[in-house]
There are 2 protein chains.
Amino acid sequence: MKIGVLGTGMVGKTIGSKLIQLGHQVMMGSRTNNNEKAAVWVQEMESNASQGTFADAALFGELIFNCTSGGASLEVLTLAGASNLKGKIIIDIANPLDFSKGMPPTLSVCNDNSLAEEIQKVFPESKVVKTLNTLNCALMVNPNALNNGDHTIFMNGNDVDAKAEVRKLLNSFDWKNENIIDMGDITTARGTEQLLPIWIRLYGTLGTPNFQFKIVK
Amino acid sequence: MKIGVLGTGMVGKTIGSKLIQLGHQVMMGSRTNNNEKAAVWVQEMESNASQGTFADAALFGELIFNCTSGGASLEVLTLAGASNLKGKIIIDIANPLDFSKGMPPTLSVCNDNSLAEEIQKVFPESKVVKTLNTLNCALMVNPNALNNGDHTIFMNGNDVDAKAEVRKLLNSFDWKNENIIDMGDITTARGTEQLLPIWIRLYGTLGTPNFQFKIVK
């Protein structure tokens, strides 16, 4: 599958590399078509990797990963272009963390709204599925590295078929179906985004990002 | 131990009953000293249970449980009286849920503040320890009813000795030390209170309140 990955940070590189490993073709998008970090990543991959602007990557991808920082996501997706994103699934991994008031960060949108909802509102012809935003990126693509893969991720989105497709992709990342909880429509992303404040504090308390939430039933 | 339980709802009754079962003396506090729900509860208990106003219960208790609804907590604690609460541990189980805008509720305070912090600010001579606010009350006092008790609760508070005392009380409720995570000072309660939005949605998705968060390390 052709996939556009927006963002050249650790999350974008981790997701992009995993997708390449699974046989997908990936274009990494950034502000310019000659971004250095993207160029290094393309070189590291042996094949199937390319780079371009956000718009190039959005046009290239049949499916789009939003791996940008939450504060930049709406701007980045606007640069990517509604027409390039039209009809496509946007997997939103971003969190609306606001570091401007110091540490720990607060959320720039929360409680009665969420970043995922904002994205869905601005891009009504795309299918936003929020997932993977509640754990460290090493675990996103390798759940078995912790507790035999026995921990939980969430999915939020309005489009049932889109969520089914994302679930298959998550399965290919080794996520078991019983560990993927479909919370419901995109408004349920408020809950998953609001896991970030405790995630960040737990990172400090436990001294490692290598932990996860598990819903015990 | 003499313990004051503020609130006559399901949480107050469940906590009060468990404390009586463990041999403590419990006064349940409410707005009036003849509250009907408190009277029924006192009658149900065979001994060691009494009722009174919030102020009576706060004066009676060497330790205080705040089992009121979050929107009422500050008013209730004010009625209980700073002098009656002075030097005492307040175990804060409340969540600042705001149902005024419809379902699901939002949080009346969150992100850069929390109910627990507000309580600590208004009652600086008390020792606020937030805990048990992230799960159904049946599980609060009987963790072994789910997954052999193997799931997580959090503690937030500024006073290390107070948290040690609360930990012992939680142990007497059958919480194992490895399942109690001390997050740090009272500002970390922001994270635990912000678990409520996802808790409420999971309640809907899973169709039962009989689930829990577990931090997998």
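**An enclosed strand and a chain-to-chain contact**

In this predicted model, strand β8(B) is covered on both of its faces, with Lys127(B), Val129(B) and Thr131(B) buried on one side and Val128(B) and Lys130(B) buried on the other. Because five of the five residues of β8(B), residues 127–131, are buried, the strand is largely enclosed by the rest of the structure.

**Strand partners of β8(B)**

- Strand β5 of chain B, residues 89–92, pairs with β8(B) in the parallel sense over four bridges, and within β8(B) it is Lys127(B) that stands opposite Ile89(B).
- Strand β9 of chain B, residues 153–157, runs antiparallel to β8(B) and is joined to it by three bridges, with Gly157(B) of β9(B) standing opposite Val129(B).

**Contact between chains A and B**

- The two chains meet through 30 residues of chain A, which are in contact with 30 residues of chain B.
- On the chain A side, at least two residues each come from β7 (106–107), β10 (180–184), α9 (189–193), α10 (196–206) and β11 (212–216), and α10(A) provides the largest share, six residues.
- By residue class, the side of chain A that touches chain B comprises 14 nonpolar, 11 polar and five charged residues.

**Strand pairing across the chains**

- Strand β11(A) pairs with strand β11 of chain B, residues 212–216, in the antiparallel sense over five bridges, and in this pairing Lys214(A) has Lys214(B) as its bridge partner.

Conventions
Residues numbered from 1 in each chain as written. Chains lettered and ligands numbered in written order. Predicted model: local features only at pLDDT ≥ 70, side-chain atom pairs only at ≥ 80, totals over all residues. Buried ≥ 20, exposed ≤ 12 C-beta atoms within 10 Å, placed from the backbone. Pairing = 2+ DSSP bridges. Contact = placed C-beta atoms within 7 Å. Nonpolar A, V, L, I, M, F, W, Y, C, P; charged D, E, K, R; others polar.
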